[in-house]
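Have the model open beside the text, and follow along from strands to helices to loops.

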Amino acid sequence: MASNPFTPKYREYVQGHSAEEREGLLHSDQDNDNNKVESEGRIYIDNDKDESSDGWSRSKIIKVASALIAILVFGAFTRALLRSPPPRTYSNLGFHGDLVRSNGTHDFKRTVLIVSIDGLRADYLDRGLTPHLLDISKEGLRAKSMMPVFPTLTFPNHWALMTGLHAESHGIIANVIICPFHYVLNPAEQPFLQNFWDPKTKQEFHYNKIDSAWKSEFWLGEPMWETAGKAGIITANLMWPGPPKTTSGASSTYFVPWQDKVALSIKLDKIFEWIDMPLEERPQLIMAYEPSLDQAGHATGPMSARVNRTLGEVDLFAKQLHLGLVERNLTDIVDIIFVSDHGMADTAHPTLIYIDDEDMLGMDGLAALEHEDGWPAMGLRFNSLANETYYLNKLLRAKESSRKDAEGFDVYTKETMPERWHFAHHERIAPVWIVPKLHYALTTREQGDVGMTKGNHGYDNTEPSMHAMFVAHGPFSSVVKTLQASRKGIVSGLLPWKTKGWHSTSDDTYIIDTFRNVEIYGLVMKLLGVEEGQMARTNGTVGFWDKYF
Ligand SMILES: [Zn+2]
């Protein structure tokens, strides 16, 4: 087809929609496709009018135009038909529940393997050091980034990934345990215990005391392994941060408790030991956790050689996982989802904000504190004799003052906390918070920078350096790609139409726009075929994944 005459207007059309293109790759665009055909027709007729100066009669022009449009539309539909996905791929949509599929030697049920690489900042994937994760994402899917919940800490986010809930809903409002390695690596960090206080039970949730941190009453909400278990699905948990049992008494079928410094090869063996189990015992949902990259990020900062080296190691781990599935002919049976909990910011040279300064809390304000929650943001609980309003007003005045670090922090109460953080409605959330911005750190004159790490997280969840990663591969991603290809087929055969999306590094790489990690629960449930009515209520978006299925 002579498409040249249309090129300028086609360009205009594309430019006019570039914002929409950035909105997200895999939006259902069937309707848009129809519009495009219509627009195309209009464009053709407009151009044809220009040619009418050749002396063609109006009716001749209309006839030729109609014929060409007919050819165009016929071509488009033929092309779309030719591009129809093979039935085998579509059958992935209904492959769940008790259905089994053979890998050639054994029967398998649809299986989901979710792996968390702690502290893998979204843009680490652009360093050229993770060829295997990128290869997997090229065959499957990748998101530009995944937005963690606030505070951007390990425990609040691992529990958000499991439950689909914000911190104020799931109750893990500060970091706790699996930064026990902070303490192990750097005992000087002890003053910065990442803990919080539950006024109701009068218990402290203590990050380096496993007994207290694993108490089920701290962990609210229903994790995906509990929902899956209720639906009769066998589950396995390899060190995912969280309790062995929820308050309702539910636990995963198989459970390997947290232990530091476990080699990736051992984790790999464990995962495949589960996958190689006989059908009746084999878990369909496997959750696995790896902390080494976060440890590296804290110890030497996100730009360090150690982070880059560790990134290579976890990338190799991803490759071996993927290859293990390929070798077993399971890539059309097992969905593998790589996620992280948060990113990592360079905090090697922070501006220190001394909260015991006279125009901040002052020494008397510090003495009036009953408990400080969290880190790097600080939740303040004053003792019952102290005048909380007085100290709050002092802090608010300091924020408005000419202190040179005044722009480096914010002071919030539960009433003024930014709504987008969903971090107010829980009694475990302290009444007053000082939240530092990136490149700032709260401390006292006595403490100084003792125990501070070269990298840290916990800041505003809209900061790109706090964003986590999402890479998926398996029957899910193949369905998404096939559906996407068939949707764009109507015009893509005729025009140099590019796949919608934020960005595509190659024609094969679909990159989903940034989404919130509270959507992951819904995705895993959908993949496992858990019915809508069996799912727990979450803070995720109703129908969020529908457009991808
Ligand atoms: Zn973490």
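Strands β11 (residues 334-339) and β20 (residues 470-473) pair in the antiparallel sense over 4 bridges. Two strands count as paired if DSSP finds at least two bridges between them.

For burial, other C-beta atoms within 10 Å of a residue's own are counted, with C-beta atoms placed from the backbone: 20 or more is buried, 12 or fewer is exposed, and anything in between is partly exposed.

Before going further, a word on the model itself. This is a predicted model, in which local features need pLDDT of at least 70 and side-chain atom pairs count only at pLDDT 80 or more, while totals for chains, interfaces and linings use all residues. Residues are numbered from 1 along each chain as its sequence is written. The pLDDT is the predictor's confidence in each residue, from 0 to 100. The chain averages a pLDDT of 80, and 74% of the residues score at least 70. Over residues 1-54 the pLDDT is below 50, and this stretch has 57 contacts in the model beyond near neighbours in sequence. Residues 176-194 also have pLDDT below 50, with 51 contacts beyond near neighbours in sequence. A contact here means that the C-beta atoms of two residues, placed from the backbone, lie within 7 Å. Where pLDDT is low, the predicted coordinates should not be read in detail.

Now for the chain as a whole. It has 18 helices and 22 strands. Of its 549 residues, 44% are buried. Among contacts between residues at least 6 apart in sequence, 74% join residues at least 24 apart.

How many of the residues of α7 are buried? The count is 10 of 10, with Phe 155, His 158 and Trp 159 among them. What covers these buried residues includes β3 (111-117), α8 (167-170), α11 (224-230), α13, β11 and α18 (520-528). After α7 comes Gly 164, whose phi is positive, near 75°.

Helix α13 (residues 292-300), one of the elements that cover α7, is itself mostly covered, with 7 of its 9 residues buried. Its buried residues include Leu 293, Asp 294 and His 298. Gly 301 follows α13 and has a positive phi, near 90°.

Next, a helix pair. Helices α6 (residues 131-139) and α14 (residues 305-327) pack at an angle of about 45°, and their axes are 7 Å apart. Axes are lines fitted to C-alpha atoms, for helices over the stretch in contact, and angles run from 0 to 180 degrees between N-to-C directions. The two helices are therefore oblique to each other, given that angles under 35 degrees count as roughly parallel, over 145 as roughly antiparallel, 65 to 115 as roughly perpendicular and the rest as oblique. From α6, the contact is made by Pro 131, His 132, Leu 133 and Ile 136, and from α14 by Asp 315, Leu 316, Ala 318, Lys 319 and His 322.

Finally, some backbone details in the loops.

| Peptide bond | Omega | Loop holding the proline |
|---|---|---|
| Phe 150 to Pro 151, cis | near -5° | Pro 151: between β5 (146-147) and α7 |
| Trp 375 to Pro 376, cis | near 5° | Pro 376: between β14 (369-373) and β15 (378-382) |

Lys 261 is not a glycine, yet its phi is positive, about 55°. Lys 261 sits in the loop between β9 (254-256) and α12 (264-275). With 9 C-beta neighbours inside 10 Å, Lys 261 counts as exposed. His 439, also not a glycine, has a positive phi of about 75°. The loop between β17 (432-436) and β18 (440-443) holds His 439, which is partly exposed, with 13 other C-beta atoms within 10 Å.
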